[in-house]
Amino acid sequence: MEINHIPILLIALPIVLATLTIILRTRPSFQKNINIVASFVLFVLSIMLLFNVWNNGIIVYEVGEWGKYGILLVADLLGSGMVVLSSLVSLMALIYSLDYMDSKALNTTYYALFNLLVAGLNGTFLTGDIFNMFVFFEILLLSSCGLVVTSGKGGFTKIPDKMEATFKYLMLNMLGSIVMLIAVAALYATVGTLNMADIAVKIAAISAAGALPWHIYVIALLFIIVFGSKAAIFPLHYWLPDVHPSAPSPISAMLSGIMIKVGVYGILRTYYLIFNEALFILQPIIIFLALATIIVGAISAIGQNDVKRLLAYSSVSQIGYIFLGVGMGTAYALAAALVYLVNHAIAKSMLFLASGGIIHHAGTRDMRKMGGMVKTAPVMSGVFLIGAMSIAGLPPMGGFIAKFFLFDAGLLGEYYVPIAIALLFAILTLFYMFRAWLLMFWGEKSDLADYDTFKRHRMSNIMIYPIVLLAALVVILGLYPEPLIALSTSIANELLNPQPYITAVLERSVR
């Protein structure tokens, strides 16, 4: 197989699989096997793509011959790296789903929607066209809405609560879609192209001529609303704390591990490629929003007794740290933000999967009604502790490396006040993560029968394996972070010097 066809395979294969699983919905065993095999193949393909891009440069793949540029897929280090991360979390979530999800949901719509979600993610990370990014966002939105209302075994969330959370998620994201459509239309009306590399060249030329129109800054600000709502940064985060607890745990892992990172990717792709000329205005705004997000997320997490709502608010706070690195904008800070993004994606997806096991074991989401589970669920106790230590930034976990690099980059860039605020609320992170662990696993064993409003289930090995693997990755990224740091540094340098990306797309020398 020619390596240059991998970008289109990463999008087309899950779409074909989504159709196939609908046709074969009466054959559950076949659906299960083919989805696991395909998800593993996608993960392998994503790794092959990343290694090829790293060693041989950017791959540009043209789909069709429509218009000047057709539909271009562009695999650079940022895009292909995000696809690897997405494929890993998707594979783990899918394996976990096999024994977590209700069999009726699993065999009818779950696989099809899950594959569409994967196709939307891969398409978003690989498209070279701003309008196609909008299209992939819509695929993401619709498939994720369908997945949020599916049910896991035991029915831990009531259907009316699911519908309310999904409605809120759908409405807020549709508003974001309308804003994105306005921004894309305004951009096209100004420069006459939707190809992101071409847009970057034309805006740079207009700026060099001293004729950059004021509304370019307004368009750039509109994209903060678009990507900020995807990433759940303050004040666009209100959908997340309701949706994460309502969704089945594997979908919560996808939402918190990968979906909110789509917003970070969007900011990195558009601001450092298209709106380079406006960064001097945008960076202080991003830093302010990042700090507000850190503060609001951390304070809200402290008061939570529902384990999934606590993890959801924690995700709000942690995404603020990533945006802080994005806003500081030096090569070191961008690399630190990317290291943070990867560590958070792995640790938080693992924590959400673990929370599903904990809830199955305890029969409740209320941490005050748990306790003493270090004896009855020692594996869950251990992996949750690893995840909590990583999110809190304690050695030897990957989260420690991420926070250390971020704070060091901030101090070197003389961002003393933002780093002081971030450091203060990192202490609160330590408090609420360990409070959660103590409530659930330490102390006397609770009489769960008094609170058992849901059906309880024993964790199966097929649910435990993905959690343990992700927990091992959290530790490995803390003990041996050099490859991730090297990759993140290369990506950061590419972001600050987008000329190779622009040249590869406009010359399309590789297909």
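Student: Which helices each supply at least two residues of the lining of the second largest cavity?

Tutor: In this predicted model, each of α10 (249–273), α19 and α20 contributes at least two residues to that lining, and the largest share, 4 residues, comes from α10. The space in the second largest cavity is about 100 Å³, and the structure holds 6 cavities of 30 Å³ or more.

Student: How do you know which residues of the second largest cavity's lining to count as charged?

Tutor: Asp, Glu, Lys and Arg count as charged, and the lining includes Asp76, Arg269 and Glu494, so these three belong to that class.

Student: What is the class make-up of the lining of the largest pocket?

Tutor: That lining divides into 23 nonpolar, 2 polar and no charged residues. The largest pocket holds about 640 Å³ of space, and of its 25 lining residues the closest to the centre are Val84, Val342, Leu477, Leu484 and Leu487. Val and Leu both count as nonpolar, so these five fall in that class. Two or more lining residues come from each of α2 (28–56), α3 (77–100), α13 (331–362), α18 (461–479) and α19 (482–496), with α3 giving the most, 6 residues.

Student: Why is the pair of Tyr169 and Trp239 called tilted?

Tutor: The ring centres lie 5.0 Å apart, and the limit for a pair is 6.5 Å, so the two rings do pair. Their planes stand at 40°, whereas stacked needs under 30 degrees and edge-to-face over 60, so tilted is the class that remains. The pair, in a structure that holds 19 aromatic pairs, links distant parts of the chain, with Tyr169 in helix α6 (residues 159–191) and Trp239 in the loop between α8 (215–231) and α9 (240–246), 70 residues apart.

Student: What makes residues of α7 and α20 part of a contact, and which residues are they?

Tutor: A contact requires heavy atoms within 4.5 Å, and it is made by Met196, Ala197, Asp198, Ala200 and Val201 of α7 with Tyr501, Ile502, Val505 and Leu506 of α20. The axes of α7 (residues 196–208) and α20 (residues 499–507) come within 9 Å and cross at roughly 115°, and the crossing is left-handed.

Definitions and conventions
Residues numbered from 1 in each chain as written. Predicted model: local features only at pLDDT ≥ 70, side-chain atom pairs only at ≥ 80, totals over all residues. Heavy atoms only, no water. Axes fitted to C-alpha atoms, helices over the stretch in contact; angles between N-to-C directions. Left-handed = near helix turned anticlockwise from the far one by under 90°. 1 Å grid on protein atoms, 1.4 Å probe; cavity = no way out; pocket = protein on both sides within 12 Å on 5 of 7 lines; lining within 4 Å. Points joined across faces, edges and corners; volume = space filled by probe spheres on them. Phe/Tyr/Trp six-rings, centres within 6.5 Å; stacked < 30°, edge-to-face > 60°.
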